[in-house]
Amino acid sequence: MNQQEILEALPYSHPFLFVDELTAVHENGATGSYTFNPELEIYKGHFKDKPVTPGVILIETMAQIGLVCLGIYLAGDAEEQETGQVMLTSAAIDFLKPVFPGEKVTVVSKKVYFRFKKLHCTVSMTNAAGETVCNGTLSGMVTSKLNG
Amino acid sequence: MLNLMLKEDLINRLKTIVSPYAQNKEALDSIHEETDFINDLKINSANLVDVILDVEEAFDIVIDNDAMEKMLTVKASMEVIEAKLSEK
């Protein structure tokens, strides 16, 4: 599967799609970027009068680019009949810097292992200045359906 | 056939391996041959993969998909480990 086909296979849409671009995807990892849309509804409440991207959304962004795009690629590689889907099963992430509305972030994931349908990765997110925003590990099960 | 001592030893080694992933600590404390990883220990499918990978490392064996699918109880896991060790 190429980058465009993977993006089309993603099961998300506005306001929950956090991938603009997938710049690299291969056997051992994926790289992509997203610019946080300042119009997102979440900024109205997180925080009141002081919008900052919630940590859970940073995790989601890392998962969509680093884990899900990679999982769909690896599932396609395994010559599965149906398009692969990925269920997030665990996350251990450290947050280092805030991400404000309109900021562009880049996510890089590296595969630790993909065995028995479980994909385990290290992921890191950097901002436009190249500073690490958050990093850690994510895991998911690569399946053929969304609800397990 | 494994003798009783070896069996006890194997169950104890499995207990150490599953312990970080077992949600049900009472079932873990009373682990025995018939203990089911998913139903008794409440290990989820993602952590079950980690159990298999940890078994591979602890016993220096390679577990294939067919063997992995069988490894749902202590007893079935002991049989797989025993079979893989005897192939070495």
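Me: Is K50(A) buried or exposed?
Reply: K50(A) counts as exposed, because it has 8 C-beta neighbours inside 10 Å. Please keep in mind that this is a predicted model.

Me: Where does K50(A) lie?
Reply: K50(A) is in the loop that runs between β2 (29-35) and α2 (55-77) of chain A.

Me: How far is K50(A) from F100(A) in space?
Reply: From C-alpha to C-alpha, K50(A) and F100(A) are 9.3 Å apart, although 50 residues separate them in sequence.

Me: Let us step back to chain A as a whole. How many helices and strands are there in its secondary structure?
Reply: Chain A has two helices and six strands. Read along the sequence, the pattern is α-β-β-α-β-β-β-β.

Me: And in what order do the six strands sit in the sheet?
Reply: The order is β1-β2-β4-β5-β6-β3 in chain A, in an open sheet with antiparallel pairing. The edge strands are β1 (21-26) and β3 (85-95) of chain A, each of which pairs on one side only. From one strand to the next, the twist averages 20°.

Me: What joins β1(A) to β2(A)?
Reply: Five bridges join these two strands, which run antiparallel. β1(A) and β2(A) form a hairpin, with two residues between them. A24(A), for instance, has T31(A) in β2(A) as its bridge partner.

Me: Which side chains of β2(A) are buried?
Reply: The side chains alternate along β2(A): A30(A), G32(A) and Y34(A) point to one face and are buried.

Me: How many bridges does β2(A) have with β4(A)?
Reply: Seven bridges join β2(A) to β4(A), and the two strands run antiparallel. Within this pairing, A30(A) stands opposite S109(A) in β4(A).

Me: How many bridges join β4(A) to β5(A)?
Reply: Nine bridges join strand β4 (residues 104-115) to strand β5 (residues 118-126) of chain A, again in antiparallel fashion. K111(A) stands opposite C121(A) in β5(A).

Me: How many residues of the two chains are in contact?
Reply: Eight residues of chain B are in contact with seven residues of chain A. On the chain B side, α3 (45-59) and α4 (65-70) are the elements that give two or more residues. α3(B) gives the most, with five residues.

Me: What classes of residue make up that side of chain B?
Reply: The side of chain B that touches chain A has five nonpolar residues, three polar residues and no charged residues.

Me: Tell me more about α3(B). How many residues has it, and what does it span?
Reply: α3(B) has 15 residues and reaches 21 Å from its first C-alpha to its last, close to the 21 Å expected at 1.5 Å a residue.

Me: Which residues of α3(B) are buried?
Reply: The buried residues are A46(B), N47(B), L48(B), V49(B), D50(B), V51(B), I52(B) and V55(B).

Me: And what phi does D60(B) take just after the helix?
Reply: Just after α3(B), D60(B) takes a positive phi of about 55°.

Me: How many helices and strands does chain B have?
Reply: Chain B has five helices and zero strands. From the N terminus on, its elements therefore read simply α-α-α-α-α.

Me: What about the dimensions of each chain?
Reply: The C-alpha atoms of chain B fill a box of roughly 35 × 30 × 20 Å along the principal axes. The C-alpha trace of chain A spans about 50 × 25 × 25 Å along its own principal axes. The radius of gyration of chain A is 15 Å, which agrees with the value near 15 Å for a compact globule with 148 residues. For chain B the radius of gyration is 12 Å, in agreement with the value near 12 Å for a compact globule with 88 residues.

Me: What share of each chain is buried?
Reply: Buried residues make up 33% of the 148 residues in chain A. In chain B, they make up 26% of the 88 residues.

Definitions and conventions: Residues numbered from 1 in each chain as written. Chains lettered and ligands numbered in written order. Predicted model: local features only at pLDDT ≥ 70, side-chain atom pairs only at ≥ 80, totals over all residues. Helix = DSSP H or I, 4+ residues; strand = E, 2+ residues; numbered from the N terminus. Nonpolar A, V, L, I, M, F, W, Y, C, P; charged D, E, K, R; others polar. Expected span 1.5 Å × (residues − 1). Buried ≥ 20, exposed ≤ 12 C-beta atoms within 10 Å, placed from the backbone. Pairing = 2+ DSSP bridges. Axes fitted to C-alpha atoms, helices over the stretch in contact; angles between N-to-C directions. Rg over C-alpha atoms; globule rule 2.2 N^0.38 Å.
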